[in-house]
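Hi,

Here is the structure I promised to pass on. Have a look at it first, and then read my notes below.

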Amino acid sequence: MKKLTPTIRFTAVAAALGLALAGCSTANDDTRESGGEDSHGNHESASNEAGGADHEDTDSSESGHESGGHEGHAADGGDPPAGITKAADPKFDVGDTVVLSADHMPGMKGAEAEVSGAFDTTTYSISYTPTDGGDPVEDHKWVVHEELEDPGKAPLKKGAKATVTADHMPGMKGAEATIDSATDETVYMVDVKTDEMEMTNHKWVDESEMNPVE
C-alpha cells in the first residue's frame, strides 16, 4: 500500500470535517425549524382556546343577566290600578309587618315587609315577551285582573291571551301575555327594605306568600 502524502491526508481530513459539520448544521436547523413551528402553533392554539373560553363565559354571563322574570323591577310600584277593590277582611291589615315566603327575586324570601295595601281580585301568573326586545319571561308572579286590557269576566282560563297594562318592569306594558295560572287569594302591596333591595308598594304578593312575624 502506498503511503498518503501529507497533502492528501490534509485534504481527506478537511473533507471529513466538512461533512460532519454540514450534517450537524442541518440537524440543528431542522430542530430549530421544527421547534419554532410547534411552539408558534401551540401558542396560537392556547390563545384561541383561552379566547374561546372567555367568549363562552361572557355569553353565559350575559344570558344569565338577561334572564329572570323580575330583572329591573320598579323600586316604587305606585298606586294600585283603577277599579281594584280593597279587601273586605284581609288576614293582614295595612301597616302590619309580615315575613315573605315568596321568592320572586333575590333577597325577597325570608325578608320582613310592611303591608301597604290589601285587595280582593283575581291574580295571575303570566308569560310574555317584553316589548323592548328583552328575553321572554315565563311564569311571572303576579299581575291582577285590573292590569289587563279589556280582560272580560274573571277569572281568565289557563292559556288565555291578554294585553298587560301594568308597568312593573321594562317592556311589560303593552305586551301580550299568556295566562299560566290564576288565584282568588287576597293580594297585597308591600314595602320591603333589605340589604339587597328597597321597594315601595311592591306588586304583588299573595296571602299564601306571607307569614306573621313570630
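**The four-stranded sheet**

Four strands form an open sheet in the order S5-S4-S7-S6, and the pairing is antiparallel. At the edges sit S5 and S6, each of which pairs on one side only. From one strand to the next, the twist averages 45 degrees. Before you go further, do keep in mind that this is a predicted model.

Going through the pairs, S4 is joined to strand S5 (residues 137-144) by 5 bridges, and these two run antiparallel. In that pair, Tyr128 stands opposite Val137 of S5. On to S4 and S7: they pair over 6 bridges, again in the antiparallel sense, and here Ile126 faces Ile179 in S7. Finally, 3 bridges link S6 and S7, also antiparallel, with Ala162 opposite Ala177 in S7.

The largest nonpolar core has 18 residues, and the members that touch the most others are Val98, Leu100, Met108, Tyr188, Val190, Val192 and Met210. Strand S2 (97-100), strand S3 (112-120), strand S8 (187-193) and strand S9 (198-206) are the elements that give two or more residues to this core. There is also a second, separate core of 15 residues, with Ile126, Val143, Leu148 and Val164 among its members.

**Two buried loop residues**

Where is Met169? You will find Met169 in the loop between strand S6 (161-163) and strand S7 (176-183). Its relative accessibility is 5%, which is why Met169 counts as buried. Met169 lies 39 residues from Pro130 in sequence, and their C-alpha atoms are 9.2 Å apart in space.

Glu209 is in a loop as well, the one between S9 and strand S10 (210-212). Is Glu209 buried or exposed? Because its relative accessibility is 11%, Glu209 counts as buried. Along the chain, Glu209 and Asp103 are 106 residues apart, yet 8.8 Å separates their C-alpha atoms. If you leave out residues up to four places away in sequence, Glu209 touches Val99, Leu100, Ser101, Ala102 and His104, as well as Lys141 and Trp142.

**The salt bridge**

The structure holds 1 salt bridge. Which side chains meet in it? They are those of Asp139 and Lys141, at 2.8 Å from N to O. Asp139 counts as partly exposed, because its relative accessibility is 39%. Lys141 has 23% and also counts as partly exposed.

Cheers

How values were computed:
Residues numbered from 1 in each chain as written. Predicted model: local features only at pLDDT ≥ 70, side-chain atom pairs only at ≥ 80, totals over all residues. Heavy atoms only, no water. Core = buried A, V, L, I, M, F, W, Y, C linked by side-chain atoms within 4.5 Å. Buried < 20%, exposed > 50% of the residue type's maximum accessible area, 1.4 Å probe, protein only. Pairing = 2+ DSSP bridges. Contact = heavy atoms within 4.5 Å. Salt bridge = Lys/Arg side-chain N within 4 Å of Asp/Glu carboxyl O. Axes fitted to C-alpha atoms, helices over the stretch in contact; angles between N-to-C directions.
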